[in-house]
Amino acid sequence: MYILAIETTCDETAAAIIDRNGVVLGAAVASQEAVHQVFQGVVPELAARCHLERIVPILQQVLEEAAIDPISQLAAIAVATEPGLPGSLLVGLSAAKALCVAWKKPLIAINHVQAHIYACQLGQLTSIFPCVGFVVSGGHTNLYQCHAPENWTYLGGTIDDAVGEAFDKVAVMLNLPYPGGPQLSKLAEQGNPRSFRLPRPMLSDKSTLNMSFSGLKTAVRYKLVGNGKHDFADLNLPDQLRADVAASFQQAAIDCIVGKAELALLRTGLSRLCVGGGVAANDPLRRQLQQMVQRRSAELVIAPKELCTDNAVMGAIAWVKFNANQTSTLETDIQPGLLRGK
Ligand code: KG4
Ligand code: ZN
C-alpha cells in the first residue's frame with residue numbers, strides 16, 4: 001500500500017507516492033520561481049493561483065509515474081495543513097479532500113515543519129529520534145527537542161526573519177535573481193568571508209536559543225549604501241566586492257546557526273542533530289555543522305539535498321500517523337500559523 005502526499009504550503013506545488021518504507025514510486029515538484037522572480041519574493045495570492053493551475057497536472061504526473069491503481073493501492077491521502085500561506089494551504093487541502101471522497105480514502109493532515117525534520121529520517125536505517133531538530137528555511141528557523149516524529153518541544157527560534165529570508169533579501173541587494181539563497185552561496189565561493197565585519201546577533205547570548213537575522217541583513221545594507229536610499233540596481237558594485245559581501249554575510253549567518261545548534265545539543269544533552277529546510281542545502285553550512293558535531297562527538301543527520309527545499313516526499317511522515325490510526329476528518333481546516341509544539 002502507498003500514501004499519496006501533497007505539499008502546497010508556500011510556492012512549490014508537489015506530490016509524491018511513497019510506500020511504508022519510504023520508497024518513492026513517483027514524485028514531482030512544480031516551482032513558481034519564474035512567477036515570483038519579478039517581485040523578488042513570494043506574492044501570496046499569485047502563489048495560491050499557481051497552485052490551483054498546477055495541482056491537477058502534478059497529481060496526474062505522479063500517479064502516472066507510480067503506475068498504481070489509486071483505489072486499490074492507496075492507504076491514505078496526506079496533505080500539509082500547517083504552517084504556511086493560507087491561500088496556498090487551502091488549494092492542497094481541497095485537492096486532498098476531493099480525492100479522499102472520490103476514492104474513499106482517509107485523510108492525514110501533516111505539519112510541514114515536522115515533515116522538514118522527518119526528511120532526515122528518509123534513507124536512514126535506524127530511527128533519528130530522539131534528536132535536536134533544526135529547521136532552517138525561507139519561512140522558519142526553529143529549534144526543537146524531538147522526542148518522536150510528532151512529539152516535540154520548542155526550544156527557540158528566530159525572533160524576526162527566517163535565515164532563508166535573510167539570504168534572499170541580501171541576494172536582492174547583490175542583484176541576484178530570486179530565490180537568492182543558492183545564487184548568493186555560489187557567488188560567495190569567489191569571496192573572502194573575512195572582508196566585511198558583520199554582527200552575529202544573539203550568538204554570544206548563551207541564555208537563549210532564540211536567534212535574529214534582520215539586524216544582520218540591515219548591517220549588510222549599511223555596508224553597501226550607508227544611510228542613503230539607493231536602488232541597489234544602480235549601485236554597480238564591482239564583482240569582487242559583491243562576492244566578498246556574499247561570503248561575509250553567509251559566514252555570519254552560518255556562525256549563528258552552528259552556534260545555536262551547538263547550544264541546543266549542550267542544553268538538551270542530546271547527541272544527535274537533524275537539520276532540514278531549504279538553507280540546509282547550503283554546502284558551507286553542511287560542512288561547518290559536521291565539524292561542530294565532530295568536535296562534540298555528536299552525530300549529524302542532514303536531509304538529502306534534494307529533500308531540503310519544499311517537496312512532498314517528506315510527507316512520508318504521514319505513515320507514522322497512519323500506523324497510529326491518527327487520521328483526520330473531512331472537516332479538517334488549515335492552520336497557517338506556526339504551532340510551536342508542546
Ligand atoms: O524549505 P524551503 O523550500 O521553503 C520554506 O519552507 O521556507 O526553503 C527555501 C529557502 C529560500 O530562502 C532559499 O533561498 C533557501 O531556502 N535556500 C538556500 C540554499 N538553497 C535554498 N539558502 C542558502 N544556500 C542554499 N544553497
Ligand atoms: Zn518548507
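Guide: On a 1 Å grid over the protein atoms alone, a pocket is an open set of points with protein on both sides within 12 Å along at least five of seven lines, and a molecule sits in a pocket if more than half of its atoms lie within 2 Å of its grid points. In this predicted model, local features need pLDDT of at least 70 and side-chain atom pairs count only at pLDDT 80 or more, while totals for chains, interfaces and linings use all residues. Residues are numbered from 1 along each chain as its sequence is written, and ligands are numbered from 1 in the order in which they are written.

Visitor: Which pocket is the space taken by ligand 1?

Guide: The space taken by ligand 1 is the largest pocket.

Visitor: Which elements give two or more residues to the shell around ligand 1?

Guide: Helices here are DSSP runs (H or I, at least four residues), numbered from the N terminus. Those giving two or more residues to the shell are α5 (112-118), α6 (163-173) and α7 (180-188), and the largest share, three residues, comes from α6.

Visitor: Which residues come nearest to ligand 1?

Guide: A residue is near a molecule if one of its heavy atoms lies within 4 Å of it. Of the 18 residues around ligand 1, those that come nearest are G138, G139, D168, G278 and D310.

Visitor: How many Å separate an oxygen atom of ligand 1 from a polar backbone atom of D310?

Guide: A polar contact is a pair of N or O atoms within 3.5 Å. For D310 the distance is 2.9 Å, and for a polar backbone atom of G181 the distance to an oxygen atom of ligand 1 is 3.1 Å.

Key: Side-chain values use heavy atoms; hydrogens and water are left out. A polar contact is a pair of N or O atoms within 3.5 Å; within protein, one must be able to donate a hydrogen and the other to accept it, and residues adjacent in sequence count only if both atoms are side-chain atoms. On a 1 Å grid over the protein atoms alone, a cavity is a set of points where a 1.4 Å probe fits but cannot get out, and a pocket is an open set with protein on both sides within 12 Å along at least five of seven lines; lining residues have an atom within 4 Å of a point.
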